[in-house]
Amino acid sequence: MDIDSEVADWSYDEQGNRERVAALRRAGVVVWGAERVFIGPEVATDRIEPGAVLMNAVIRGPETAIGAQSKVG
C-alpha cells in the first residue's frame, strides 16, 4: 500500500492529526497549510525540532526525526 492510499483510508483527523500539528506549532515548528500536513500517530513529535518547516507533507514512521532548519514538503 502506498502512502497516498494509506492516508486516504483515514479521515483527516481520525487519529488526532490536528492536535499533533497544533502541538508542533506551539513548539516552534513552522507549518504551512496545516490542513495539508499529516503527522502519523506513530511519529514522536518531540523528534521534530523547532525551526523545522513542514508544508504539504505526510510524515510517517516511529523513527522519524526532522532537524531545525529542515524543510519537508
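Visitor: Which residue forms a salt bridge with Arg26?
Guide: This is a predicted model. The criterion is a side-chain nitrogen of Lys or Arg within 4 Å of a carboxyl oxygen of Asp or Glu. Here the closest N and O atoms are 2.7 Å apart. The partner of Arg26 is Glu19.

Visitor: How many salt bridges does a search of the whole structure find?
Guide: Arg26 and Glu19 form one of them. The side chains of Glu42 and Arg60 also meet in a salt bridge, at 2.9 Å from N to O. The total is two.

Visitor: How many residues apart are Glu42 and Arg60?
Guide: Glu42 and Arg60 meet in a salt bridge. Glu42 lies in the loop between strand 2 (38-39) and strand 3 (53-55). Arg60 lies in the loop between strand 4 (58-59) and strand 5 (71-72). The pair links distant parts of the chain, and the separation is 18 residues.

Visitor: What is the relative accessibility of Arg60?
Guide: Glu42, its salt-bridge partner, is partly exposed at 28%. Arg60 also counts as partly exposed. Its value is 23%.

Visitor: What is the order of the strands in the open sheet of three strands?
Guide: Strand 1 (30-32) and strand 5 are the edge strands, each pairing on one side only. Two bridges join strand 3 to strand 5. The pairing is parallel, and the order is 1-3-5.

Visitor: Which residue in strand 5 is the bridge partner of Val53?
Guide: Strand 3 and strand 5 run parallel. The bridge partner of Val53 is Lys71.

How values were computed:
Residues are numbered from 1 along each chain as its sequence is written. This is a predicted model: local features need pLDDT of at least 70, side-chain atom pairs count only at pLDDT 80 or more; totals for chains, interfaces and linings use all residues. Side-chain values use heavy atoms; hydrogens and water are left out. Helices (H or I, at least four residues) and strands (E, at least two) are DSSP runs, numbered from the N terminus. Buried means under 20% relative accessible area, exposed over 50%, partly exposed in between (1.4 Å probe, protein chains only). Two strands pair if DSSP finds at least two bridges between them.
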